[in-house]
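Could you take me on a tour of this structure, stop by stop? I have it open in a viewer and would like to know what to select next and what is there.

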Amino acid sequence: MNKLFYNLAAAALLFSSCSTKQADLIVYHAKVYTVNDGFDTVQAFAVKDGKILDLGSDDEIRKNYKATTEIDAGGKAIYPGLIDAHAHFFQYGLGLQTADLRETSSWKEVLERLVTFAKTHPDGWLIGRGWDQNDWADKAFPDKTELDRLFPGRPVLLTRIDGHAALVNQQALNAAGITKSFTVSGGDIADRNGMPTGLLVDNAVRLVSDKIPKPDKERIAASLLDAQNKCFEAGLTTIDECGVDASLVDIIKKLQEDKSLKMRLYVMLSDNEANYKYLFKSGAIKTDRLNVRSFKVYADGALGSRGASLLQPYTDMPAKSGFLLSSQKHFEDVAKLINEHGFQMCTHAIGDSANRTILKIYNKVLGGKNDKRWRIEHAQVIAPADFALFGASNIVPSVQPTHATSDMYWAADRLGTKRIKGAYAYKQLLQQNGWIPLGTDFPVEDINPMFTFYAATARKDAKHYPEGGFQPENTLSKEEALRGMTIWAAKANFEEKEKGSLEKGKLADFVILDTDIMTTAPDNILKTRVLKTYVNGEKVYEKK
Ligand SMILES: [Zn+2]
């Protein structure tokens, strides 16, 4: 090679490397909802080291960057990775360790589901729940014959939909010490000629379920990883884990360090002595994927079971008005303690009395405008005079739109036609601070964030009921709902500078959907599917 040519080639290389920068990933031919302040859309973006390097038009990004992986999004809509601001991730994962036997049409189908489930969950107790023989053509209770044949080596416990009966196999009977002619008070052990058939009722079920070992580290890890897979499939890249013990934080940390757990988690510790000690000693824990700086406190119970604490009695049970789960003093003491240590307090409050109690304590401790982002989880029933107490001390209402559309069938029975106007009042709550985080409370509700988006923007459930929407004056706009599931949820976690929108320097967490939920007809929202989910620029889910 002659010297002049060599120099020219080197210069060209130098020149091109100056004008075209190297990225890890380029996504183009998309409609990217950045969810930045201006709610701008762009066509393309480049990712490097897990972060957004640049955004712009297809031409700009493809001219200025080179990447080993380039994705043609086929014109699809892309959103920031979705955040669920209130869920029970670990509990949901534990549930995934049991076979779902709901809506089976025969005993044969139950057995088929168990065989499939056992393939991915091969060890220890085989637990299933939700069968109902009333749904089957043959309504007679089955016996353990087939369970013994299919699963001779492991105990099996299958609880009925109501939890009051169960089918078990011989291994499970052995574990509980149930033998011929065994009896139990407050329960029944079905038998044939004195020999147990495997069907147990009430207290007899407990004889067996008490023998199931507490989840060990492996089972806990499997639960977290199973939950993660379902979340990625749903487009969720950050979950607010609302109330767990510090011991779980240690397991999460380890799984994240070894890179098996890629989910980003915002963990609230439960209100108990050991957890306060743990976090006050360790200080806030913050990595790219884990943030522990808050406590979850319960003020009252639920509206459905009339455990929510109301200012006036239940309309459908005038002798009851619910109750607080701890004394006023306890709430005051922990609020002061949490404030002194600079952490965030997040309190479950459903009834208007519970909300008033907590709002007043928060206002007293926070003392007016502040940026401590103390949260009320659910903020479900608010007395008209109390809405202003949110804005007065920047208290964040953390709400779950599917609760409105699940409860709407009976909530007015509990509250009456007047009081219900202050319930599930998301628009009114949004107006307090100008922003509001949204979640689901899964596994109480379905994990699917499209249900949240639809419930928030149409105020209808999955059956598209009711016509016109439930209390439509509290409908959120599509932009507000999307912000609630992304940037505002990030803000409720003090993470709006790193995630929740697709902007330069922010984490490359994003989701590609098959439908543009911002423009499609409302009734298509629930049919929307996630095509791909990315965390930190890494593909963690792709629809098959
Ligand atoms: Zn919850």
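Begin with the zinc ion: along the sequence, its donor residues follow the spacing H-x1-H-x352-D. Donors here are N, O and S atoms within 2.8 Å of the metal (3.2 Å for Na, K and Ca), and water is not among the atoms, so sites may look incomplete. Select H86, H88 and D441, and you will see NE2 of H86, NE2 of H88 and OD of D441 coordinating the zinc ion at 2.1 to 2.2 Å. H88 sits in the loop between strand 8 (82-87) and helix 3 (89-95), while D441 sits in the loop between helix 16 (426-433) and helix 17 (449-458), so this pair ties together parts that are 353 residues apart in sequence. Helices (H or I, at least four residues) and strands (E, at least two) are DSSP runs, numbered from the N terminus. H88 and D441 are both buried; buried means under 20% relative accessible area, exposed over 50%, and partly exposed in between (1.4 Å probe, protein chains only).

A word on what you are looking at: this is a predicted model, in which local features need pLDDT of at least 70 and side-chain atom pairs count only at pLDDT 80 or more, while totals for chains, interfaces and linings use all residues. Residues are numbered from 1 along each chain as its sequence is written, and side-chain values use heavy atoms, with hydrogens and water left out.

**Next stop: helix 16**

Select Y426, L429, L430 and N433, which are buried in helix 16. They cover an arc of only 105 degrees around the axis, which puts them on the same side of helix 16; the arc is that of the directions from the helix axis to the C-beta atoms. Now show what surrounds them: the buried residues of helix 16 pack against helix 13, strand 21 (396-398), helix 14 (401-407), helix 18 (478-484) and helix 19 (487-492). Contact means heavy atoms within 4.5 Å. Step just past the end of helix 16 to find G434, with a positive phi of about 85 degrees.

**Next stop: salt bridges**

How many salt bridges does a search of the whole structure find? There are 28, each being a side-chain nitrogen of Lys or Arg within 4 Å of a carboxyl oxygen of Asp or Glu.

Select D386 and R356, whose side chains meet in a salt bridge at 2.8 Å, N to O. This pair links distant parts of the chain, 30 residues apart: D386 is in the loop between strand 20 (375-378) and helix 13 (387-392), and R356 is in helix 12 (residues 352-366). D386 is buried at 5% relative accessible area, whereas R356 is partly exposed at 26%. Salt bridges that share partners also join D132, R160 and D162 into one network. Within it, D162 and R160 meet at 3.0 Å, N to O.

Finish with an open sheet of 4 strands, in the order 5-4-1-6 and with mixed pairing. Strand 5 (51-56) and strand 6 (65-72) stand at the edges with a single partner strand each, so one side of each has no neighbour in the sheet. Two strands pair if DSSP finds at least two bridges between them. Strand 1 (residues 21-28) and strand 4 (residues 44-48) run antiparallel and are joined by 3 bridges. Select I26 and look across to strand 4, where its bridge partner is A46.
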